[in-house]
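Visitor: I am new to reading contacts between chains. Could you walk me through one, step by step?

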There are 6 protein chains.
Amino acid sequence: MYSVNVRDHFMIAHSFRGEVFGPAQRLHGATYVVDLELRRAELDADGVVVDIALAAELLRSVLAQFNLRNLDEDADFKGRNTTTEFMARVIFDRVAVRIAAGELGPHAGGLLAMRVRLNESHVAWAAYEAAL
Amino acid sequence: MYSVNVRDHFMIAHSFRGEVFGPAQRLHGATYVVDLELRRAELDADGVVVDIALAAELLRSVLAQFNLRNLDEDADFKGRNTTTEFMARVIFDRVAVRIAAGELGPHAGGLLAMRVRLNESHVAWAAYEAAL
Amino acid sequence: MYSVNVRDHFMIAHSFRGEVFGPAQRLHGATYVVDLELRRAELDADGVVVDIALAAELLRSVLAQFNLRNLDEDADFKGRNTTTEFMARVIFDRVAVRIAAGELGPHAGGLLAMRVRLNESHVAWAAYEAAL
Amino acid sequence: MYSVNVRDHFMIAHSFRGEVFGPAQRLHGATYVVDLELRRAELDADGVVVDIALAAELLRSVLAQFNLRNLDEDADFKGRNTTTEFMARVIFDRVAVRIAAGELGPHAGGLLAMRVRLNESHVAWAAYEAAL
Amino acid sequence: MYSVNVRDHFMIAHSFRGEVFGPAQRLHGATYVVDLELRRAELDADGVVVDIALAAELLRSVLAQFNLRNLDEDADFKGRNTTTEFMARVIFDRVAVRIAAGELGPHAGGLLAMRVRLNESHVAWAAYEAAL
Amino acid sequence: MYSVNVRDHFMIAHSFRGEVFGPAQRLHGATYVVDLELRRAELDADGVVVDIALAAELLRSVLAQFNLRNLDEDADFKGRNTTTEFMARVIFDRVAVRIAAGELGPHAGGLLAMRVRLNESHVAWAAYEAAL
């Protein structure tokens, strides 16, 4: 199995609901350094898993939907805790839809799986992965 | 599949037995930077894989059993080489027992797998992973 | 010249005022991974620059004043932009006051200089340094 | 499952053919920081996945075939794009042959799988993994 | 003293002349992860060392002059070894000229010094720093 | 001012004397990832600060004096605490003597200063720097 990873980041404010979160129930924020990993069984005719420039652009475009915003004000997340693992899934889903729509080019049909990892500090990160 | 990772470290002395270890048969030591990764299929009602504060506390508590000690003097390791991979398994087992005992809270029953990685330098690390 | 560095982090929400900040004028947030470096010309009688455990506690205590908060609501920062470089200076000043008050122990009088660096992502950081 | 990883690097020149590569069709180069991960189900009698010194030597020896060279002039890669993912596979195959030839010692027969990851910058990497 | 750092990278081919370089006399290449650090004594009216977006753009623009090229074919470097430390200086000089020309905006006059560091692998880097 | 850095590591056991060290008074150990930085005002005729291969060899040779040993048994350190900052100085001094003896080659006379940094974990490091 081959895999390719591109990295970018976004910075957001948010707050959590639930006693388990303690002081993180207050409005605070995070920098998320995001790793987007794409997997396929064989390389395409050009010798790549995916056009890495397109993958980087797609990741940047999806992260721009959240970057420099307060997630508490995003209608899509109403009533949800925008935890690191939750956001990994949200980004996975939004990237997956756009891959399905062809944004990674004609050869991207061979992609089998994807992993989105959000690094929130030097001591913590979360990820979501699934088949495509 | 979701995953969450917390990082901590411990510092120990030890020596190895067996010609394969060469000069590492002498008493020496290591800093192990430890990554504890927990995986589950669905988030709990709070939107998390696990209470990350509890996970960090549990990891710290298990590492404290070894931190700033000479592993050669630990009766539990008598006759064993406390290699990086061996210690990854030891930590896995001790964390797993305490997860089973409920230390990560009532929702941690959904955890499916765990990975413990010990980074011993900028050029070497070892890990142990298994289902919970 | 000797130096010692301890690392910790904090997570905050804030917004900036001024056209130069573009979309960062919106409420957003950041994880700051903080490096606190202390310098002195000679080691003390124990052979250290400073009691590193006390230094780590002091850093944690100062960061706790901001951690998991919205800096826009902090009266101390009214009318100021809490940029990365500004916060590096704020932390420098608060740590310096407590060093002067003796929180790093009796031998810390030999400290000559300090540097506070805030890493805000994998591609950007800012710092403030000065004599003590 | 246990795993052990060793890290080394190599520096090469190359160029790519195909419009998808844009300006990377020009002769350019890369530093690849290589992670070689070996996996097995149980530790050997010495308590290790593999003799890590032998693994590091083997990796260094394979990378020396490419290090400080222009891959465009390597007859083995004639007509192929030496992309990061392609080179990950090449290194996997060459290491695998030498493991099969016994270069990792008598206990290395227990190795089940291997992963070769090439880190090409702070924002991109590629890997190839398979059973041994 | 305040400082701000932005990071980017470029990938080049080159070769060196001189026996001291050994096998690096062959055509090879490198990824350089570049850290551009700017220093000033006081923050500007917005509370920053420099408009970090402008600094990142300027760095990217200067690196684009070399990125994905063979430095041996660059007329500016004829008869010179494009070592890591040499390239650090070249980038310093080109960025400095553009800062002097006002590309970092009206407040950048307060900048006192700059450091350019080129990270060429996980075990080696070089830098050039000077007053502006 | 130019600078060049090479990185290597060593692993040791030791214990400390003095109440300030708390549990670190027990025999324990550490991995030290070492950064050796050399500085000079102008590049030599080859365009380098120093022959980086010689610098890496020299660092490795000095670290080999300590690697995989118990520092408590080293007669040179009798009655001293082998703290991270102390060891940074020891390595500085031993490298400096060998630079003075010509081990970095005929052009190394231009070196002005050196910094030795020992990274002991992901959250702590210490350094010693001085003129040569």
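Visitor: Let me start with charges. How many salt bridges are there between chain B and chain F?

Guide: A salt bridge pairs a side-chain nitrogen of Lys or Arg with a carboxyl oxygen of Asp or Glu within 4 Å. In this predicted model, the count between chain B and chain F is 0.

Visitor: And how many residue pairs are in polar contact across that interface?

Guide: Here the rule finds 11 residue pairs between chain B and chain F, with both residues at pLDDT 80 or more.

Visitor: Which elements of chain B give two or more residues to the side that touches chain F?

Guide: They are β1 (2-14), β2 (28-40), β3 (69-70) and β4 (111-121) of chain B. The largest share comes from β1(B), with 6 residues.

Visitor: What kinds of residues make up that side of chain B?

Guide: Sorted by type, the side of chain B that touches chain F has 10 nonpolar, 8 polar and 5 charged residues.

Visitor: Now the area, please. What do chain B and chain F bury between them?

Guide: About 1,900 Å², and 62% of that lies on carbon and sulfur atoms. Of the area that chain B buries against chain F, 30% is supplied by Arg26(B), Leu68(B) and His122(B), more than by any other three residues. As for residues, the contact takes 23 from chain B and 23 from chain F.

Visitor: Which chains do not touch, then?

Guide: Chain B and chain C are one such pair, with their nearest C-alpha atoms 12 Å apart. Chain A and chain E do not touch either, and their nearest C-alpha atoms are 12 Å apart.

Notes:
Residues numbered from 1 in each chain as written. Chains lettered and ligands numbered in written order. Predicted model: local features only at pLDDT ≥ 70, side-chain atom pairs only at ≥ 80, totals over all residues. Heavy atoms only, no water. Contact = heavy atoms within 4.5 Å. Buried area = accessible area lost by both parts, 1.4 Å probe. Polar contact = N/O pair within 3.5 Å; in protein donor to acceptor, adjacent residues only side chain to side chain. Helix = DSSP H or I, 4+ residues; strand = E, 2+ residues; numbered from the N terminus. Nonpolar A, V, L, I, M, F, W, Y, C, P; charged D, E, K, R; others polar.
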